[in-house]
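User: I would like to learn how to read the features of a protein model. Please guide me through this one.

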Amino acid sequence: MTEMMTPAMRQYYEAKQAYPDTLIFFRMGDFYESFGEDAKTIAKELEITLTARGKNREGEKMPLAGIPYHALDTYLPRLINKGYKVALCEQLEDPKQAKGVVKRGVVRVVTPGTAIDSSMFSDASNNYLMAVAGKEVGKSGKNTEKNSEKNSEKEMEMGVSFLDISTGEFLTTQFRDSENFEKLLSELARMHPAECILPPSLYGNSDLVDRLKGQTIVQVFAPEISGSEEAGEKLKHHFKVATLEGMGCEKLDFAVSSAWAALEYAQTTQLRDLEHINTLRTYSNSEFMILDSITLRNLEIVKNVRDEGDANSLYRILNCTKTPMGSRTLKKWLLKPLLSVENINLRLDAVEELAADPLLRYDIRKWLSEVRDIERLVGRVVYGNSNARDLIALKKSLDAVPPIRDCLKEKIESELLKEIAEGLASFSELENLAEMIEKAIVEEPPVSVREGGMIKPGYGAELDELRDIASNSKQWIAAFQQKEKERSGIKSLKVGYNKVFGYYIEITNANSSQVPEDYIRKQTMSNAERFFTPELKEKESLILTANDKSMALEYEIFLKITQALSAHSRELQETAERIGALDVLAVLAEAAGNNNYVRPQLTDDCKILIRDGRHPVVENTVPGGFVPNDTEMDCKEDQFLLVTGPNMAGKSTYMRQTALIAIMAQAGSFVPASHASIGVIDQVFTRIGAFDDLASGQSTFMVEMVELANILNNASPRSLILLDEIGRGTSTYDGYSIAKAVVEFLHNRGKVGVRALFATHYHQLTALEEKLKRVKNYHIAVKEEGHELVFLRKIVPGATDRSYGIQVARLAGVPEKVIERANEILKELEKENVFEEAEESENGKKKKSKATARYTQMMLFDPGSSGRTSAQANRSSPVEATLKKLNLEEMTPIEALNKLHELKRLLN
């Protein structure tokens, strides 16, 4: 049946055979066409008409679907975003010059992780391809006399790389991981790759693949290499270096293997060298605070829980960046807060300087707004799919760099800003490149680079002549005809043209004796002769091909410019990186000024002291103003804060804001508080909220316990843990037992414990304050007015013995009959003392006693009220503390009225 196919269909099936797992876009004239099963899939996914043409191998009608070639940017992203791979099979020669069937071949394969076209990206976020290498390397843990059974998990040595083809960014790391791949999945959540490739050995792990597929597109890919040594040699060849030591991964075999897999996959799909990928950076998780996938979700750092968009996320609140590079850099800083106090302070120094100089910040941000996505523009230039509009965007971006550089020259003190300024100044060819584009490219060029109209008049004499010939050919012919009449003396001489013979000089037989000697006979007519001259022949060629030649010459000039730019791709990418960092520093300074943030103090101890802390997201959305709260933690007295109070009172918000303030501080940002001192945190763990994962057979409670196990097994004394309602998903006794055991475990972990905020409705746990020296009780104050419950949103020392669940149910609109009946049942249960806690007496016997808990209402004055501990009595209320600080002698009447209004708001 193959013999019965047309040559074009044979080309199609050859392409399909070479790329069986892709959809083939087959160029046929002005259309990309697809056939067979591909056509059915494309028609369905793109919602276009499915037709038929000719017959397939079995002699049946061939399904056909197609799109106009100029609409590729519209339709291709829709397929890629759904996880498909698409091979573009293009015409490899000009159909006008082809002999027989036009040659066609696949020029590139577009996959989710290897997209480079601007139409593929909906925002400025990185588009990473993730590659993984690894194997089991042994077991961790110890067998002791007390526990001789197998008590350890398998360990995996993992190498992970992330490649963004669109920007040229290339990262790799290596680490030990558990058999549950917790660290790998955390990296996945943090980097959010569009596609992940695995070797066959890992692709065979169905549990890993299923968990990866929940977050990205997963492919199996096995580069044809014998091991990490060969992978290293191939990387060195690509980067043109003798060693990988300068990139930090010389002896990291799995990192090197994963890096080569990523690069090889990219080159295999793009079918070209990717010269803009010119360096590989090795990073270590020991440099950054670890934020696992659960913490990222619970704290809504870059995405919200509701729809996984960035609305109401920390990233969205802070992201007023002016450049795409800045937007990407901000996300990286938030996802990878630093652990080095010195490096954090370098960022904070720069933010402080910009925050203190609004005029400087305004000038910098004004020029930054002129900068486009330099990284992706350079990527397309080097890759070879840029157009003249990209060059104009790059030129405008480069034009903005000298003014930015000049702003930083004037009075900069911070080391980081100086480093950025010096880096921008070191690119000596920047102005020359911008000038080159300025001289060559028109201000508003067309999209296509093959149809002319993009090079300025006057750029080249040859191009100007071709354009002149193309646009003034009639005038030239008329002038030539007049010149020849005068030279020959033949008044009836005329210059004509036809498609067969081209341009000619026609002279009647009566004037044959006056034909000049240099005329060459071309055609004999019945009453005339037709001639040509070398000059006319040359002009004929120019006239007939002037348009084609001028367009080809424009494209040639365009390629020379892109080659000149490509030669400086490394410097351009470094410039983009510096611009991105400056943009983030400026926007953090802007946020500090606009939102009343303060500079945090970072220390190497374990203390956390936050005064008037606020939730950076909630404070921008809550009506009526946000109520700030203090947080005091250390490793001696206030390490484990047990927080009680009703639902909706603000326990979760309080815990989240503490973690977010720490994350912001270690990312280099000012924070929402009046004072903040943060002992550096190595990892934030969270267990907040409840959801089922029934797809993998896990209930709400099972998910809770899995997350809890991760926290208990991996938390260190430098970690911060947020636990909300541990044990509420099972029976009361089971849940309480688990919760109490968790408190004791974390308090005693490693003899020094772990910093933790623990919100609970198990009020019996508050008795632990008397037994565990570093546990302290706090609660969210509320006020009852009849049946109404007023949330004061203020955290105060002490415990509460009520959850106000029935009042919250009333607020939620539960029918009054249900509320009344619930109150009756509650009274019965309280009489019966149904929940009793077993405690051991000093002589070892068990006794039952109702768990006691103190309830303290928020007080304005009266520090000596009954029911308050001495510690509580020494702590003044916010209103009292504010009053004590006022200097009435120096206040103006209007200042006094404003302060009075503020105190009233605090009191209410």
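User: Is glutamate 37 buried, partly exposed or exposed, and what is its relative accessible area?

Analyst: This is a predicted model, in which local features need pLDDT of at least 70, side-chain atom pairs count only at pLDDT 80 or more, and totals for chains, interfaces and linings use all residues. Residues are numbered from 1 along each chain as its sequence is written, and side-chain values use heavy atoms, with hydrogens and water left out. Buried means under 20% relative accessible area, exposed over 50%, and partly exposed in between (1.4 Å probe, protein chains only). Glutamate 37 has a relative accessible area of 54%, so it is exposed.

User: With which residue does glutamate 37 form a salt bridge?

Analyst: Side chains of opposite charge can pair when their charged atoms come close. A salt bridge is a side-chain nitrogen of Lys or Arg within 4 Å of a carboxyl oxygen of Asp or Glu. Glutamate 37 forms one with lysine 40, and their closest N and O atoms are 3.3 Å apart. Lysine 40 is partly exposed, at 39% relative accessible area. Helices (H or I, at least four residues) and strands (E, at least two) are DSSP runs, numbered from the N terminus.

User: Which residue forms a salt bridge with arginine 365?

Analyst: The partner of arginine 365 is glutamate 590, with the closest N and O atoms 3.8 Å apart. Arginine 365 belongs to helix H13 (residues 358-368) and glutamate 590 to helix H20, 225 residues apart. Arginine 365 counts as buried at 10% relative accessibility, whereas glutamate 590 counts as partly exposed at 21%.

User: Which residues touch the most other members of the largest nonpolar core?

Analyst: In soluble globular proteins, nonpolar side chains tend to be buried together. A nonpolar core is a set of buried Ala, Val, Leu, Ile, Met, Phe, Trp, Tyr and Cys residues joined through side-chain atoms within 4.5 Å. The largest one here has 152 residues, of which Leu184, Ile301, Leu318, Leu408, Ile441, Leu585 and Ile678 touch the most other members. Helix H20 (residues 569-595) supplies the largest share of this core, 13 residues. A second, separate core of 26 residues includes Phe170, Phe221, Ala231 and Ala261.

User: Which residues of strand S10 lie on each of its faces?

Analyst: In a regular strand the side chains alternate between the two faces of the sheet. In S10 (residues 195-198), Glu195 and Ile197 are on one side, Cys196 and Leu198 are on the other, and all are buried. Two strands pair if DSSP finds at least two bridges between them. S10 pairs with S11 (residues 217-220) in the parallel sense over 4 bridges, and leucine 198 stands opposite valine 220.
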